[in-house]
Amino acid sequence: MADAPKAPGALGDPQLAFVKELVFKRSAITLEGDKAYLVEARLTPLARAAGLPSVNAFVDQLRSQPAHPMLQKVVEAMTTNETTFFRDVHPFDALRTEILPTLRTARASSRALSIWSAASSTGQEAYSLALLLADSFPDIAATWRVRILGTDLSTATVARATEGRYEQLEVNRGLPATMLVKYFEREGTQWRVKPALRAMTEFRMQNLADPWPAMPQFDIIFLRNVLIYFNVETKRAIFGQIKRVLAPDGYLFLGGAETTLRVDDDFERVPCGKSAFYRVIKR
Ligand SMILES: C[S@@+](CC[C@H](N)C(=O)[O-])C[C@H]1O[C@@H](n2cnc3c(N)ncnc32)[C@H](O)[C@@H]1O
């Protein structure tokens, strides 16, 4: 059957193909299916800001200038940054009841703990980990060397995460009121994470699909709700690099719709309370 004719001004096929390829090259995100509506919705504000009458005109300008300054902004506009404090809650329960007590014993001599929130978006996941430590393991938070690293592809989210400032609507999502009162201070209509907690965290840019820089070993890695955007080859390459930076007795958490199964056999899934983590199989 012939394709339905496009509405006048609708995103053209070459423009759509260009955006898909750009996003894949720079982020490994695969925009499957048509997605014209998504590209239009996400790029319309950028086209307007550039003073152009349509997304087609904007994309044509990008196509004609290989070093266009807006290319990275386009990729960032196409990422999904949805996140909340204590998202999916069960992994955090598993940390509180089983994993952190185990690590407290296992790391008693080094008194150091290293955690990575990979694809940290606006920082809620990394701060949830800091909040959990401060609230349930105050001795570790106060006297151990704790490092919580958050990384993301998007400059805008890394900047926001570093600031640690959240709107009322954002703190309403997943954050217990007792924690809000204890660990945040009001700044006008916003809430800012207190300095002691911010001091446990560090945020920086990192594209998971690029070769990774030298990194220390992590005891816990949260790599959640980002693999869903990647193809199998990208996931396999990422798991390969995870194996280099996850401590031999370390814990990897993936999102609810993500798994290492049929992608990398070196990991096993270990149920833990209502959650599950992955660890590298010792051979
Ligand atoms: C849906 S958010 C997940 C945030 C958090 N991990 C959670 O589960 O709530 C996905 C994040 O992945 C980031 N992202 C997408 N592709 C990436 C890549 N190639 N490298 C690093 N981060 C990427 C996006 O910028 C976005 O902030």
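Threonine 234 first. Its relative accessibility is 11%, so threonine 234 counts as buried, given that the cut-off for buried is under 20%. Where does threonine 234 sit? In helix H12, residues 232-245. Set aside the neighbours within four places in sequence, and threonine 234 is in contact with Ala28 and Ala209. Keep in mind that this is a predicted model.

Now the whole chain. The protein chain carries 12 helices and 10 strands. Its C-alpha atoms fill a box of roughly 65 × 55 × 35 Å along the principal axes. How does the radius of gyration compare with a compact globule? For 283 residues, the globule would come out near 19 Å. The protein chain has 21 Å, which agrees.

Burial next. Of the 283 residues, 48% are buried. The accessible surface is about 13,800 Å². Carbon and sulfur atoms own 55% of that surface.

Then contacts. Take those between residues at least 6 apart in sequence: 73% of them join residues at least 24 apart.

On to domains. The domain assignment gives two entries: domain 1 covers 13-77, and domain 2 covers 90-280. Their C-alpha centres lie 30 Å apart. How many residues make contact across the two? Nine from domain 1, with 10 from domain 2.

Between helix H4 (71-77) and H5 there is a loop, and valine 89 is in it. Look at its backbone. Phi of valine 89 is near 40°, a positive value, and the residue is not a glycine. Is valine 89 buried or partly exposed? Its relative accessible area is 38%, so valine 89 is partly exposed; the buried class needs under 20%, and the exposed class over 50%.

Which residues of H5 are buried? Pro91, Phe92, Ala94, Leu95, Ile99, Leu100 and Leu103. And what covers them? The cover includes one helix, H6 (124-136). It also includes strands: S1 (112-118), S7 (218-223), S8 (246-254), S9 (267-272) and S10 (275-280).

Take S1 from that list. Isoleucine 115 is in strand S1. Its relative accessibility is 2%, so isoleucine 115 counts as buried. What does isoleucine 115 touch, leaving out residues up to four places away in sequence? Leu129, Leu133, Arg147, Ile148, Leu149, Phe218 and Ile220.

One more pair here. Isoleucine 115 and phenylalanine 222 are 107 residues apart in sequence. In space, their C-alpha atoms are 7.9 Å apart.

Last stop: the loop between S1 and H6, where we find alanine 119.

Strand S1 is part of what covers the buried residues of H5. Isoleucine 115, in that strand, is buried at 2% relative accessibility.

Methods: Residues numbered from 1 in each chain as written. Predicted model: local features only at pLDDT ≥ 70, side-chain atom pairs only at ≥ 80, totals over all residues. Heavy atoms only, no water. Buried < 20%, exposed > 50% of the residue type's maximum accessible area, 1.4 Å probe, protein only. Helix = DSSP H or I, 4+ residues; strand = E, 2+ residues; numbered from the N terminus. Contact = heavy atoms within 4.5 Å. Rg over C-alpha atoms; globule rule 2.2 N^0.38 Å. Areas by Shrake-Rupley, 256 points an atom, 1.4 Å probe, with all protein chains shown as cover. Domains from an automatic or database assignment.
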